Each structure stands twice: as C-alpha cells, then as structure tokens.
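Q: Please take a close look at one strand and its partners, and then follow the aromatic side chains from there. I would like one connected account, with the cut-offs stated.

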2 protein chains.
Amino acid sequence: MSTALSRTEVYSLLSLSFACFGILINTFQGDGEPLIASIAFSGLAFASCYALIRWLGDAFVRRGFKGRDMCKLKQSEIPETMGAVCAVVYLFIIIIFIPWPFYKDIVAATSGGGNRDVMEELQQVETGRLLHKFPHSKLASYLSAVLSLQCIISLGIGDDLFDIRWRHKVLIPAVAAIPMLIVYFVDFGVTQMVVPTPLRPYLGELFDLGWLYYVYMALMSIFSANSINILAGINGIEVAQSLVIALLIVFNDALYLSPFAPYPHPATDSHLFSLYLLLPFIGVSLALLKHNWYPAKVFVGDTYCYFAGMVFAVDGILGHFSKTLILLLLPQGFNFIYSAPQLFHIVPCPRHRLPRFNARTGLLECSRVEFKKPLSRPIAEALKILHRLRLLDIETNEKGEVVSSSNFTLINLWLVWFGPMREDRLALGLLAFQTAVGFLGLFIRHRMALLVFTQDNW
Amino acid sequence: MSTALSRTEVYSLLSLSFACFGILINTFQGDGEPLIASIAFSGLAFASCYALIRWLGDAFVRRGFKGRDMCKLKQSEIPETMGAVCAVVYLFIIIIFIPWPFYKDIVAATSGGGNRDVMEELQQVETGRLLHKFPHSKLASYLSAVLSLQCIISLGIGDDLFDIRWRHKVLIPAVAAIPMLIVYFVDFGVTQMVVPTPLRPYLGELFDLGWLYYVYMALMSIFSANSINILAGINGIEVAQSLVIALLIVFNDALYLSPFAPYPHPATDSHLFSLYLLLPFIGVSLALLKHNWYPAKVFVGDTYCYFAGMVFAVDGILGHFSKTLILLLLPQGFNFIYSAPQLFHIVPCPRHRLPRFNARTGLLECSRVEFKKPLSRPIAEALKILHRLRLLDIETNEKGEVVSSSNFTLINLWLVWFGPMREDRLALGLLAFQTAVGFLGLFIRHRMALLVFTQDNW
C-alpha cells in the first residue's frame, strides 16, 4: 500500500473537509441543527480516518501490528489493527460534537453568554428552589455512551496487543458496558419493560425487571460485540456487515423523524441520539472499508469488531430499541449458534476456520475439519441430519463413519450452498443476505409487533 | 523480577482485599459513606495493581515494552510502560465507585427502588413541571473527569507504542482535556474569576474570562502533565513525586472537611470530589512505586507521567483549586524553566540528560553537555553568571571559552549542589525538596492569600 495519498485523493478529501467545515459553521445560525452538524462531522470523520489509515500504516507494521492474508496468492505483510485508528477518530468526533445537541439549551439557559448563575437566581426566586432547565440526563446518557465506547476501544487494543485468551475475550464487552450500566443505575434507573399482551393477565402492563435489566444490558453488549467478531475472516466482511447494520438502524431511526412521524414524537429524541452516534460511525467505517475491501490493504483487528458491536449495543440500549437491534443481528446470531458445536468443542475445532484458498482457481472453497477419532454416535447422527438439511457438508467412509465436515461458520455454509467463488463475491453474497434479513426484521418489528403489543411505538 | 507473588504477598494482598470488601459492604448502611468507600476502593486498587504488575510484566516484555536501566552495573531488560496497568486499574476503580457519592440521592429519589418515575410525577403535580432533585451536574463533572483521564491514558499508550515526536507529545494533554472542557462548556459554563483586591478598581470583583478560561484550563493540563514527564529519569522519581503531590493535595482537601472546617462548608463538595479522584490514585501509585523504586524492577513509561499529571489537572480544575495546584507543582515548574534553554535548543541538548552512572563508585554524577562549537558571547556570559550563582557547573578552557556544562535539569543541579550520590539518595533528596516546597506553597495559599484577596475560602 502506498502510504502517500494520491493527488486526486488529497483534493477530494480536502474539498470534502472544507464543505463539512462550511456546513458546521452555518449550523450556528438557528438552533445549532445537530443532525446537519452530525452529518458534517461524519464527513470530517471519513476524511481524517481515510488519511490517517494511509499515514499510520507503516508505523503499525513497524510496531508489530501486521498480518498475512491467507486467502491470497502473494501473501505480503499488511498492517493489522487499523480499526483502532477508526475508533480513535470516531471517539474524537463524538466528543467534539457534544455541544451541538445542547446548543439550543445552552443559548436558552445563558442567553448566549456565561451568565447562567443570574438566570438560576431568577428561577430560584420564582419557584423557591433551584430549577435546572438543562437536559442533564441526556448529557449523562451521552457521556456514558462515550465512556463505554472508550473502554471497549482500550480493551480491544489490549486484546490485539496481548492476544487475550478466548474465554476472557468474550467478557471484554461486559466490562466495557460497566460505565453505561453504572450511569444508567445512578441517573435513570428505569428497569421496567412493557409486557406483551398475552402475558399481561399474569405480569401486568409493566414488569419491573430490577437488577435483571442490568444483566440483560450486559448480555446485549456481549452478544452484539462478539457476534460481529465471530462472523469474520474474509476481506471486508467485518466492516461491511457493520455498515449494513448501521444503515439499517439509520433507516429505522429515520422512520421516527419529521416527514415520516408526527413531530414531536415521544421517541424522536432517542432516535436522534442514535443517529448522532451512528453517522460518524458510518463515516469512519467507509474509510476503513475502502482499504479493507478485497484485495485488502489493511486488516481491521479485533478492536474494530468489538468497537462496532459496542456502538450498536450502546445505541440500542440508550436509544431504547434493543429488541429491534436483536432482529438486525439475526445472521450474526445464527452464525453464533451454528458455530457453537465447534466453539464449545463438541466437535473438534481447528485453529483457523477461514475458507480455504485454492491457488489453482483463485477461488475460496469451504474449509473442512477432519475427524481423526470417530465421532460418538449421537453427534455423528446429528451431523448427518444437518447434512441432509443442507446445513453442513460431511464426508463418510465405507463404514458410514463421518470422517470430515465443512467448518461450522456461516461463511463456509454459504460456500457449501453456492460452491467455490471469489472472495469479494462471497462477501457480497453474505452482505445481501444480511440486508434482506435486516429489512425482514424491521418489517416484523413494525408490522407484526401489534400481534403481541397493544401498539407499535412508531 | 519474579512474576509469581510470594506466599506472604498473596496473604497480605488477600487480607487487604477482604478487609476492603467488608468495609464496602458496610457502607450501604447509612448514606453510602462515600469517603470511607473511596478509601476501601483505594485498598482494592493497590492490591489488584500490585498483583497485575507482577503477572503482566512478562507479557509486556514479550510485546516489546521493555527497556534497560542505564544507571546500573548489570543492565538487564525490564518491563516498560507498566504505568498503563496502574492507569487502567485506576479507571476501572473510579468508574465502579460512581454510585457511592450519589447513593444518598438515589435512595432519596427512588425510595431505594426503581420507581423514580412515580416520584417525578408527584413533583410534576406539585410544581407544574419536572423537577430533578438529582445532582446531575456533579455527575456530569465526574464523568467528564473520567473521560479526560481515559483519553490521556489512550494517548499515553499510543505515545509509548509509536514514540510520538516531542513537539506533538507536548500537546497530548490538551487533546485529552477536550472532553472536560466541552462538558464544562455545555454544563457549567462559569468562566468568572475572583479579582485580587489591588486590581478591583479596574476589573470589578468578578472578571469574566470568557473563552480565555478554556485556554487557561487547557494550558493547566499541558503544564501539569508535561512537567511530571520532564522531571524524570531515575528510579522511582516519577511515581514518588506524584505521590508527594497527591498527598499534599489530600492534606489540603482535608482542611476543608469536618473536624477542620465548619460543616457544611461551601467548598466541601469540591474537595470531596478531589479526594475521590486522588485516593485510588495513591493506591495504584504505591503499588507501582514498590516495583519502580531503586533498584527498579519495572519502568513506568510516559503513560504514567501523563496520567498522573492529568489526574492533578482534572482534580484542580473541577475541584476549583487550580491556583493552589500550581503552587504544589513549583519544583516541576522550576525544572521546566531551567530546562528550557536545552529544550528549545538555545544551548545544545544531548539525546539523554540522565545523570551519569559511575561504574567504579556505583554513584550517580551529573551528566554534562560538551560544546563542540564555541557558544555565542551573550549565552556564554549567561552560563557564567548561572555558574557563579551555583545554578550550573561549567568548564572553561584556557581562552576563557565555555567548553562544557552540566545538563539543565533539576536532577543534575541537585548533583552539582550535593556531589555524587547513590540513585535512591538522589531521589529521596528531591522528594524532600518537593515536600518542603509543597508545604511552603500551602502555607502561602492559606496565610498570604489575604494580602491579595478579601478572604481565604478555607
């Protein structure tokens, strides 16, 4: 990879940046227009992330962040963990962005100057005690999101540096969720959920989950962050699937905004919050995808997968649409359940489960695991049933014993279904699948929800 | 260094941890007793940091975080950047600690359960609008402190990984201060300062610094973080000086608490805030000092220096005693001004300015810089004056030209004053100096302040 930007790239990035700056300056007229500002910041995020990935690649390689692409003829070393660059740019952007959503409140509270104290005194006179008009809990919720994302990035980089063991890794997102959980506990503490209609005779309309709600939030973080980390291994798939999910959430958020929903809709604010976190994420991810798409010039590292998953988890939890999020992560969920027999060593698990690169054809084929010891009877039978359902590809010897099977990942299953194909076509196929399942999920969310709830909140 | 803990160490750390856990559980009776909880958390911070430094040393060396001690006969490689372990443990502890200072408010607002909404509705009925009783701005200020500290740690680790250039490094703390500045801007926005009596006829009692206040906060962060990074180089000095400063701030904070000040004193809350941030810092620093004191078994890395400096800056700014903090950092400030001629290349600056280790005596001697080209007239004269003032040690040739001088650091100056000495005695001498200057600073702060202000806020 050339570390210098080409002249075209420099001009394009510079004009994008200038345009975004211009938009940002304009937002100060009116109410700060946070959504427009967020879009402009996302453009800046894209431009700076794009340039930094190129400039820092060599430094990463020198410091030992490098890897070989197993699915290529020429396996040169390319920078690894470049997702960390995205993540840091992203954090920087969402921190700088903080004043915009609160601009209106700052202006209202201080008449534009620094004299909030005067204002508070007036209110004190009026009501006999201090009345905060400022939306503090919105700020605290935003800050707790930033804190949790910063945690996951630090822990992800730690993982990329020290190669933490698999059973410890899984819990990383739960640790990173702690700031969010604690601020939630301290500042909001609403742990009730709406009960589906069929269960209402038993549980009432609202059910207080209590501390179980915190367990649910922690599990959501673990699921979201790890599920993206598991559906990985071919060029571009980690970033592209995250982009698809992010765009689907943005689509869902847009349904709650002005032309589609009556204003002010009770859920508008939470979905705006969600957009503020997602748009810059889309910006940095596009810049990374440009360099990570087939043939990859950089690898993303575990940091990116954790980071992306945590963005979704934080977004879903604090934006109050975590159940919708689960629907969007169905392919990842399927991949996790499908992988479970190997992950939990019910059947042998090789060190790598990437598809196999066939150097003669240049195509990827599904990789296989050989069973050196014969499998126990029930497991062998289960594999045969999966084979018959076209959910696995097994080979048997003359005695009818299963001697090998395709590895248990969605990526290999796709190759079982559609045969060997080039790496980018494989990635595109999976992305199309992700998109289709996502739209189906959203359709279920908004059309079928009425079957179990009294109303769709849209 | 043995990576395993000895049996005595295991038992001591375990009993300390159990004791601290016991205390923590007890704090739930009553109002949460945050100060007691903070002390218990600091004990836990010490124990876990102590163990982690030992367990992770090898992993750090394997990943290239290692260095040689230039001031020893046997220069074996020891782990570097272990301050990052401290910093991560510290962050974890201050995040977990969040509920304690707000426990009283949580109980008051929710009657101990999760039914805050009910409470809010009641208040809404009473006053016609929503009234938050929860001290949101205290929470936001705490969260912004955590965010800035997390930033400095990430950037510090980045620096230790990629060896950022000196002129970029200096600005790292300013970047890390951004979250704090932004939250300050959004949520508090008080930018007035009390004007000293002699200036009041011109400026009034309160002077609004406006955006200059933000510049002041950024500069404070740059000064505090870099000044500790510059007074470094011998075993234990970075950690021990930070401990001395932290203990002096704790002493000053204690002056505002119950037996020393009437309760409720208007500044009590800010000084409690300061203690909550400092006590766990003292815990992790003690664990690091145990391994970094002469003869050092680990190095602390730039991460620790930035981290320590930023803890002080955040503490001073959000605790509203930044001017007092400057008094406590006087030795560092002197070291910076004294170093300036070399830092800004007015006189030549060698790559390392550590004291020179004399292998024959086992003592440290002041290191010297040779002037290969003759110095310009005014600079040579200035050095001669410094020499006469005993603030430098120069050598002249027969023509009266300055051919070498001691390096421009406080550490070398100490060796010029008191002659060669062993590394730990040198460190102890400097620490005694730091302590003496600190107490003098506090004395000035509380006794002399009345000369320029109408009242001491103590």
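A: Glu370(B) stands opposite Ser404(B), a residue of strand E9(B), where a strand is a DSSP run (E) of at least two residues, a helix is a DSSP run (H or I) of at least four, and both are numbered from the N terminus. This is a predicted model, in which local features need pLDDT of at least 70 and side-chain atom pairs count only at pLDDT 80 or more, while totals for chains, interfaces and linings use all residues. Residues are numbered from 1 along each chain as its sequence is written, chains are lettered from A and ligands numbered from 1 in the order in which they are written, and side-chain values use heavy atoms, with hydrogens and water left out.

Strand E7 (residues 368–370) of chain B is joined to E9(B) by three bridges, and the two run antiparallel; strands pair if DSSP finds at least two bridges between them. Strand E8 (residues 394–396) of chain B is likewise antiparallel to E9(B), again through three bridges, and here Ile394(B) stands opposite Ser405(B). Five residues lie between the strands in the hairpin of E8(B) and E9(B), and in this hairpin Gly400(B) takes a positive phi near 85 degrees. Because four of the five residues of E9(B) (residues 402–406) are buried, this strand is largely enclosed by the rest of the structure; buried means under 20% relative accessible area, exposed over 50%, and partly exposed in between, with a 1.4 Å probe and protein chains only.

Turning to the aromatic side chains, rings of Phe, Tyr and Trp (its six-membered ring) pair if their centres lie within 6.5 Å, with planes under 30 degrees apart counted as stacked, over 60 as edge-to-face and the rest as tilted. By this rule there are 52 aromatic pairs over all chains. Trp417(B) and Phe418(B) have ring centres 6.3 Å apart and planes at 90 degrees, so this pair is edge-to-face. Trp417(B) is partly exposed, at 30% relative accessible area, whereas Phe418(B) is exposed, at 52%.

Rings also receive charges across the two chains: the charged end of Arg63(B) sits over the ring of Phe65(A), 5.1 Å from its centre, and Arg63(A) lies over the face of Phe65(B), at 5.1 Å from that ring centre. A charge sits over a ring if NZ of Lys or CZ of Arg is within 6 Å of the ring centre and within 35 degrees of the ring normal. Phe65(A) belongs to the loop between helix H2 (34–62) and strand E1 (66–68) of chain A, and is buried, with a relative accessible area of 4%.
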